[in-house]
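Hi everyone, thanks for coming. Let me put the structure up on the screen, and then we can walk through a few parts of it together.

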Amino acid sequence: MLQETGTEWLSQEVKTGTTIIAVEFDGGVVLGSDSRVSAGASVVNRVMNKLSPLHDKIYCALSGSAADAQTIAEVVHYQLDVHSIEIDEDPQVRSAATLVRNISYKYKEELSAHLIVAGWDRRDGGQVFATLSGLLTRQPFAVGGSGSSYVYGFVDAEFRRGMSKEECQQFVVNTLSLAINRDGSSGGVAYIVSIDEHGTEEKVVLGNDLPTFFDQ
Amino acid sequence: MNEHKGHKYIFQIVSGSILSWNAVLEGEANKVGYSLPAARKTGTTICGVVFKDGVILGADTRATEGMIVADKNCSKIHYISPNIYCCGAGTAADTEMTTQIISSNLELHALSTGRVPRVATANRMLKQMLFRYQGYIGAALVLGGVDCNGPHLYSIYPHGSTDKLPYVTMGSGSLAAMAVFEDRYKPDMEEEDAKRLVRDAIAAGIFNDLGSGSNIDLCVITKGKLDYIRPHDEANKKGVRTGDYKYKRGTTSVLTKSVTALNLEVVEETVLTMDTS
């Protein structure tokens, strides 16, 4: 370590290592993310909120390259703003997901970020869309980021249709906690966003308040 | 991506213009045994903190070219607007030019809007430019200022990602400085405590990182006033020599002495002082 000048991180891209998840329930969606941003082996932000608002009732979860993900979210936020003024009503979640998908597909060779789009609209209620590699698919729930690999078994076994909002929030927090424990690139606090027809609720669960499992 | 005459074109999403980067020049130079000049990097420790009335930015003053110190007292805290300043780490030319370009555009923008510029605006302009160049502009910045919405502090990375935080560090000495912040930062500190904290964070970088050194510059930005303190702390003052290698007159004995007068006429006299600091 004596020779290490530490400038490697300057050339290494900043990645949101990440665990992100979005779950649909009857009447809305719950999104969750961890808060770790790494550049090589160094954590550059331990409290980043990766749940980015695209509109009042539509959020997206960021993963992959921090610059690419932030830029896509900001561009789509702007495009949705214009679109919602043009149609003179709140945009559909499918529209937001399509805008994200269009950028992800067109620039798929240059970009390395995956955004999960989730929200509530009047027409179809709560919806979760995955946009990995430029596809667009609606799913009952979606997980993403490096930490997601460790929790596929858990989410596949534990997810049930027809959960209530509180059960969904607990499911999301449990998933995040398990992924954070196993994935080195995920950590920090858990951010939870719940969206339904009454509004949007943002919550932070601090590290020591996360649920514990057998080895703690 | 298109391949055209050896140039690579990377399409930019935000405004539709195209960037080209000439990879051929570097390849040709390497073939004949030359390498392109190594860009001068500011090894660097820079940091910023939000305190009760505003923000404080701090920086060391060493600029390195490989393992040699190119400048012992360079200024790393750059002007963006009267209420916004920016510390720069990474390639010295990139941080200098990027901050100057955004400073210029921000001044025009402020004249156009008729309002004092906001820190979030400077952040957007910087991140959109850096993203457009896909990380090839090696500028890692700590942007801080006070505007109508209060004090704000951002860290901006070369690829174009930004973080809005109460305290940030960047540069090769960032880990040393962050250790100090994580230990002693408290929200809503008083100005003197905050100045001491920033000074100690930069000092940690100066003494524990080879790429950082020399003095500590500080910039205190509050709603009413701006203090650009350069240097705030001369942590590495040049020592006074205790001995002298000059020999006394008479050490060498003189055998013969002859003096020849040169008749010269003084035409012009100019004096240029050399900066020996």
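How many nonpolar, polar and charged residues are there in the lining of the second largest pocket? By class, that lining has 8 nonpolar, 7 polar and 5 charged residues. Here Ala, Val, Leu, Ile, Met, Phe, Trp, Tyr, Cys and Pro count as nonpolar, Asp, Glu, Lys and Arg as charged, and the others, Gly among them, as polar.

A word on ground rules. This is a predicted model, where local features need pLDDT of at least 70 and side-chain atom pairs count only at pLDDT 80 or more, while totals for chains, interfaces and linings use all residues. Residues are numbered from 1 along each chain as its sequence is written, chains are lettered from A and ligands numbered from 1 in the order in which they are written, and side-chain values use heavy atoms, with hydrogens and water left out.

Back to our pocket. On a 1 Å grid over the protein atoms alone, a pocket is an open set of points where a 1.4 Å probe fits, with protein on both sides within 12 Å along at least five of seven lines, and lining residues have an atom within 4 Å of a point. Its volume is about 570 Å³, meaning the space filled by probe spheres set on the points, which are joined across faces, edges and corners. Among the 20 lining residues, A:Met48, A:Asn49, A:Ser52, A:Gln70 and A:Glu74 lie nearest the centre. H2(A) gives the most to the lining, with 4 residues. Helices (H or I, at least four residues) and strands (E, at least two) are DSSP runs, numbered from the N terminus.

Now to chain B. Strand S12(B), residues 150–156, has 6 of its 7 residues buried, so it is largely enclosed by the rest of the structure. Buried means under 20% relative accessible area, exposed over 50%, and partly exposed in between, with a 1.4 Å probe and protein chains only.

What are its neighbours? S11(B), residues 139–147, runs antiparallel to S12(B), joined by 7 bridges; strands pair if DSSP finds at least two bridges between them. These two form a hairpin with 2 residues between them, and B:Val146 stands opposite B:Pro151.
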